[in-house]
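Hello,

Here is the structure we talked about handing over. Please look it over; my notes come after it.

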Amino acid sequence: MIYVTGDTHRTDLLCLRHFCDNHPNLTKNDYVIIAGDFGGVWAEETLERDLKPFSDLPVTILFVDGNHENFDLINSCPVEVWNGGKVHKIKPDIIHLMRGQVFEIEGKMIFTFGGATSIDRGWRVEGIEWWPQELPTYEELDEGIANLKRYGNQVDYIITHSCSERAFAYPILRNGAPEKYHCPEVQMLSYIEDIITFKHWFFGHFHIDKQLSDKYTALLHNVVNLT
């Protein structure tokens, strides 16, 4: 089975643990995808301690990156190809799904595109609390466009950290975080949306649990089954 949830920020695992406790048949052959701000790869000196609560879960953790990640540490991991797309395999059961990739997992085609702008980075220390690599590049966008073309611009699911302009049109997002609308990644994701056919789009970043429509769902604590 494949599930998707929202930001964990390294320590916010209570709902995920509760979900696993209520599903005793879960194994490492089941996947939970975190829609950015995973946060478990944060400091080299505490890496094993920070990752242990995730490895202790009975599932394999997959994550797209958000804006609150240590990108220097993530990018120091070797790049591998896994289920058709590029990944950083942090541990055998903790895997970073890189930007602009299409993965075939349990028969489902999933497009991933992490990253977002830290609107509070003026109060954060570069290289310690935020990293410039949080913002997607146009090279990553081009790679995503090329990968989508290989699959006829059609996938089952999109999993990102931020969202497109069309999702932002919903008042709960527009009124709750208007400053995020003009961030570059929103325009990038909007371009992707213009060329792709998909069943549903899941994203984090906004710290709410809300299905906006039959196409868009914002996640924080809810864990959703990709059926």
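The model is predicted, so local features need pLDDT of at least 70 and side-chain atom pairs pLDDT 80 or more, while totals for chains, interfaces and linings use all residues. Numbering starts from 1 along each chain as its sequence is written, and side-chain values use heavy atoms, without hydrogens and water.

Helix α2
Helix α2 spans residues 47-55 (helices are DSSP runs of H or I, at least four residues; strands are runs of E, at least two; both numbered from the N terminus). L47, D50, L51 and F54 are buried (under 20% relative accessible area; exposed is over 50%, partly exposed in between; 1.4 Å probe, protein chains only). They share one side of α2 because they cover an arc of only 85° around the axis, taken from the directions from the helix axis to the C-beta atoms. E48 and R49, on the other side, are exposed.

Aromatics
There are 14 aromatic pairs (ring centres of Phe, Tyr or six-membered Trp rings within 6.5 Å; planes under 30 degrees apart are stacked, over 60 edge-to-face, the rest tilted). F111 and F113 are stacked, at 6.3 Å and 15°. F113 is buried, at 1% relative accessible area. W201 and Y216 are tilted, because their planes stand at 50°, with centres 6.4 Å apart. F168, Y181, F203 and F206 make up one aromatic cluster.

Charges over rings
K180 has its charged end over F206, 5.0 Å from the ring centre (Lys NZ or Arg CZ within 6 Å of the centre and within 35 degrees of the ring normal). K215 lies over the face of F198, at 4.6 Å.

Best regards
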